[in-house]
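Work through the exercises below with the model open. Try each task before you read its solution.

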Amino acid sequence: MSTAPNRRAVAVILLVPLVVTLALWTFAWPAARIAPRDLPVGVAGPAPAAQQLEQRFEQREGAFDVHRFDDEAAARTAIEDRTVYGAVVVTPQGPHLLTASAASPVVSQLLREAVTASAPEDTPVRVTDVVAAPPGDPRGSVLGASMLPLALAGMAGGAVVTLMGLRGARAALTLVASAALVGVAVTAVTHSWLGAITGDWWAEAGALALTVLAIGSAVAGLAALFGPRGIGLGALLMVLLGNSFSGVSSAPQLLPEPVGAIGQWLPPGAGGSLLRSVAFFDGSAAGGAVLTLSLWSLSGLAAVLFARRAPTPAEPVEPAREPALTG
């Protein structure tokens, strides 16, 4: 009896628990360790009172990155520019908290609890949501849930292009066209139907398309370089690590270090940040995410166009030519 089937069975028995454990680690561990880590917040008001408030934030060492502003108008501008997630303005009536639930409902709630707990007894805390989450998605649930389907769409595009044996310019054009259609379709659902994003329609479609293109071209490029194994590597990077480290459902600064930073270097995290910027903040702070997604897209497309790889099972193998007979 051949031992090859037995070896394959043992490999499956060992591989499945390993994959499940890895998936549980990548998804559950960051969620179980959510806490502020260098979270950008602002303080505004008269110098003595604002300094005291700043010291209270700094007592939680490593939790907050405090920015000082001259007045409430400057703090509001910083929130709208995505420099800080929120700010506390010192007023004679008590602290006035400025938040941006569109940037992260989780962070907005965290700041409410922190400022309320540190305020003197019987002192009301006035709260103003400077950039509010849309009524169609007040908790950011739709935006947070959108990243996994986008990652799967990009994965599917890259894998199908590879397994169908498309190469060169035809493969690159297929990836671009597929990503563009996914961007339009997802924007129609999330913007026009659900009302979960409320920015410029075509800017949102472009952000979604660029995210899917970055994922799909990366998967196809890895497959062009490493063969079918590249699809598995792409799934590890884009779905397991990229989606779970993206911080879209909370914020990158709430994830354990260096998970939050790694997530922003991968397309799902960069895509989530870009979508927030164009959907709620008129494109503020979108440059880094656009650069990250563009680099992934261009690198993947370059590999698809120029890398030489062995044909997949779907591709015909050209027969070797016999040397011509000479006289």
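Helices (H or I, at least four residues) and strands (E, at least two) are DSSP runs, numbered from the N terminus. This is a predicted model: local features need pLDDT of at least 70, side-chain atom pairs count only at pLDDT 80 or more, and totals for chains, interfaces and linings use all residues. Residues are numbered from 1 along each chain as its sequence is written, and side-chain values use heavy atoms, with hydrogens and water left out.

**Exercise 1. Backbone angles**

Find the loop that holds Asp38, and state its phi.

Solution. Start at the loop between α1 and β1 (39–44); Asp38 is there. Its phi is near 55 degrees, a positive value in a residue other than glycine. Next, check exposure: buried means under 20% relative accessible area, exposed over 50%, partly exposed in between (1.4 Å probe, protein chains only). Asp38 has 41% relative accessibility, so it counts as partly exposed.

Arg82 sits in the loop between α3 (72–80) and β3 (86–91). Arg82 is partly exposed because its relative accessibility is 22%.

**Exercise 2. A cis bond**

Which residues does a cis peptide bond join?

Solution. Go to the loop between α8 and α9, where Pro258 lies. The cis bond joins Glu257 and Pro258, with omega about 0 degrees.

**Exercise 3. The largest pocket**

Describe the volume and lining of the largest pocket.

Solution. First, the term. On a 1 Å grid over the protein atoms alone, a pocket is an open set of points where a 1.4 Å probe fits, with protein on both sides within 12 Å along at least five of seven lines; lining residues have an atom within 4 Å of a point. The volume, the space filled by probe spheres set on the points (joined across faces, edges and corners), is about 610 Å³. Next, the lining: 34 residues, with Tyr85, Pro252, Gln253, Gln264 and Ser273 nearest the centre. Elements giving two or more residues are α9 (259–265), α10 (267–280) and α11 (287–306). The largest share, five residues, comes from α10.

**Exercise 4. The second largest pocket**

Which residues lie closest to the centre of the second largest pocket?

Solution. Its volume is about 250 Å³. Of its 16 lining residues, Asn243, Ser244, Ser246, Gly247 and Ser249 are closest to the centre. Helices α1, α5 (141–163) and α8 (229–244) each supply at least two lining residues. The largest share, four residues, comes from α5.
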